[in-house]
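My entries follow in the order in which I went through them.

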Amino acid sequence: MSFFGKKTTKAQAVSKSVVMTTGGKVDDIVSALIENANDSNKEVKSKITESLKDIGRKQPELVLSSCIQFIKTQGKGKREHVVLLLHLVIQLLEFDLYNISEQLAIHIIQMALGEMTKEKNVEPEWQGPAA
């Protein structure tokens, strides 16, 4: 242990939750909606996205931080799902950009930079929303 404390490994940093919970049942609902947001049925996918937008307008920090957490911990290999969540993040930020906390803004920036620089090749469908 150094003077500054224990060194955090990359695995520990990724697994550390950034979700800003409310302590209510809505936390679990948002998590379930995000996990199922990329349903194969277009109508279900649309309803889930609309539900997340509605909740996000009332609880932007919960939905935004939950999207970030999903992308960081479960997004690998789920490009279409990640793109859908990135578009949701953009829509929620356009709705309520100036009322999110500085801490959440930092997490969003870190996630976006990570997504933009993940691949060597330029892939606009995926990297565009992260930009």
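**Ground rules.** I am working with a predicted model, in which local features need pLDDT of at least 70 and side-chain atom pairs count only at pLDDT 80 or more, while totals for chains, interfaces and linings use all residues. Residues are numbered from 1 along each chain as its sequence is written, and side-chain values use heavy atoms, with hydrogens and water left out.

**Helix H5.** I took helices as DSSP runs of H or I with at least four residues, numbered from the N terminus, and H5 covers residues 79–96. I checked its length against the expected span, which is 1.5 Å times one less than the number of residues; for the 18 residues of H5 this gives 26 Å, and the end C-alpha atoms are 26 Å apart, so the two agree. I then listed its buried residues (under 20% relative accessible area, with a 1.4 Å probe and protein chains only), and among them are His-81, Leu-85, Leu-92 and Asp-96.

**H3 against H5.** I found that the axes, which are lines fitted to C-alpha atoms over the stretch in contact, with angles from 0 to 180 degrees between N-to-C directions, come within 10 Å for H3 and H5 and cross at roughly 35 degrees. For contacts, meaning heavy atoms within 4.5 Å, I noted that the H3 side includes Lys-45, Leu-52 and Arg-57, and that the H5 side includes Glu-80, Leu-88 and Phe-95.

**The core.** Of its 28 residues, Leu-52, Val-63, Leu-64 and Leu-85 touch the most other members. The largest share, eight residues, comes from H5. Leaving out residues up to four places away in sequence, I see Leu-85 touching Ile-34, Ala-37, Cys-67, Phe-70 and Ile-71.

**Gly-75.** I located Gly-75 in the loop between H4 and H5, where its relative accessible area of 5% makes Gly-75 buried. Beyond its neighbours within four places in sequence, Gly-75 is in contact with Phe-70 and Val-82.

**His-107.** Is His-107 buried or exposed? I placed His-107 in helix H6, residues 102–116, and its relative accessibility is 16%, so His-107 counts as buried. With residues up to four places away in sequence not counted, His-107 touches Val-18 and Ile-68.

Note on methods
Helix = DSSP H or I, 4+ residues; strand = E, 2+ residues; numbered from the N terminus. Buried < 20%, exposed > 50% of the residue type's maximum accessible area, 1.4 Å probe, protein only. Core = buried A, V, L, I, M, F, W, Y, C linked by side-chain atoms within 4.5 Å.
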